[in-house]
Amino acid sequence: MASRGGPYVVGTDGADFAHRQRVAAQYQISAQNKSRLKWCIFFHYLLFFVMLAKLSADILDKLDIFILEIEELEIPKPLWWEYTWCISLLLSFLGLSAVKKNKIKMMERYMMGIGVFGFCPLLYAIIYYFSDVWAYVNRGDTKHIETWQGYPYGLLWYAFILLALQVHLFSLFFARNLLTAWTSRGTKKAQ
């Protein structure tokens with residue numbers, strides 16, 4: 001038992017506790033990257049709601065619901081990649097579950113799913129809208145390209161794609177760091 005102001009153990013001044021107060025590096029990395037991955041997933045949710053707002057006109061049409069204010073916006077019909085990208089949101093639940101339980105296999109599935117349902121649709125969209133964006137950047141006119149509310153449609157999508165790519169890249173980076181930290185548990189340091 002330690003007493004305040006009492007005697008110390010022979011051979012020590014009481015300052016030898018510091019080595020016992022350190023947290024192993026893999027646990028620090030794990031905690032830090034769990035928090036960062038959760039933020040990335042939060043931003044993924046925000047992007048999903050932006051996409052959902054864009055898809056709302058088509059969804060309401062399929063449900064045979066007419067709302068004049070939405071119809072007046074004249075939102076262009078969605079392409080298949082927009083719905084496919086929305087599937088990537090479901091993977092966030094897999095990622096959050098993996099973070100909560102430190103499950104390596106679940107995190108690997110999350111990473112593969114983000115690759116397939118996150119990056120592939122975005123890559124398709126980059127290729128699909130490239131000609132419109134290139135024409136707008138080179139000529140500066142909107143005569144021969146698709147516009148929405150006076151703005152070049154492809155350029156609006158490129159803004160969304162840029163944000164989504166950043167979120168997905170950071171998500172994969174933090175997920176990879178977590179896998180590295182989780183697989184290094186129980187291993188001894190090489191001397």
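**Figure 1. Packing of helices α3 and α4.** The axes of helix α3 (residues 80-101) and helix α4 come within 8 Å of each other and cross at roughly 160°, which makes α3 roughly antiparallel to α4. The crossing of these two helices, α3 and α4, is left-handed. As in the other views, what is shown is a predicted model. Two packed helices are described by the angle between their axes and the distance between the axes, and both values are therefore given wherever a helix pair is shown in these legends.

**Figure 2. The loop residue N102, between α3 and α4.** Helix α3 has 22 residues, which at 1.5 Å a residue should span 32 Å, and its end C-alpha atoms are 34 Å apart, in agreement with that expectation. After α3 comes N102, whose phi is positive, near 55°, and this residue is found in the loop between α3 and α4. Most residues other than glycine have a negative phi, whereas N102 has a positive value although it is a residue other than glycine.

**Figure 3. Helix α4 along its length.** Helix α4 covers residues 104-139, which is 36 residues, and it reaches 50 Å from its first C-alpha to its last, close to the 52 Å expected at 1.5 Å a residue. Within α4 there is a kink of about 50°, centred on F130. The helix α4 is followed by G140, and the phi of G140 is positive, near 80°.

**Figure 4. Packing of helices α4 and α5.** Helix α4 also packs with helix α5 (residues 153-183), at an angle of about 160° and with the two axes 9 Å apart, which makes α4 roughly antiparallel to α5. Where α4 passes α5, the crossing is left-handed.

Figure 5. Although W148 and I75 are 73 residues apart along the chain, their C-alpha atoms are separated by 7.3 Å.

Figure 6. E69 lies in helix α2, which covers residues 68-72, and at 56% relative accessibility it counts as exposed. The C-alpha atoms of E69 and A57 are separated by 10.0 Å, and the two residues are 12 residues apart along the chain.

**Figure 7. Overview of the chain, for placing the close-up views.** The secondary structure of the chain comes to 5 helices and 2 strands, and these elements, read along the sequence, follow the pattern α-α-α-α-β-β-α. Of the 191 residues of the chain, 34% count as buried.

Conventions. Residues numbered from 1 in each chain as written. Predicted model: local features only at pLDDT ≥ 70, side-chain atom pairs only at ≥ 80, totals over all residues. Heavy atoms only, no water. Helix = DSSP H or I, 4+ residues; strand = E, 2+ residues; numbered from the N terminus. Expected span 1.5 Å × (residues − 1). Bend = angle between axes of the 7 residues up to and from the residue. Axes fitted to C-alpha atoms, helices over the stretch in contact; angles between N-to-C directions. Parallel < 35°, antiparallel > 145°, perpendicular 65-115°, else oblique. Left-handed = near helix turned anticlockwise from the far one by under 90°. Buried < 20%, exposed > 50% of the residue type's maximum accessible area, 1.4 Å probe, protein only.
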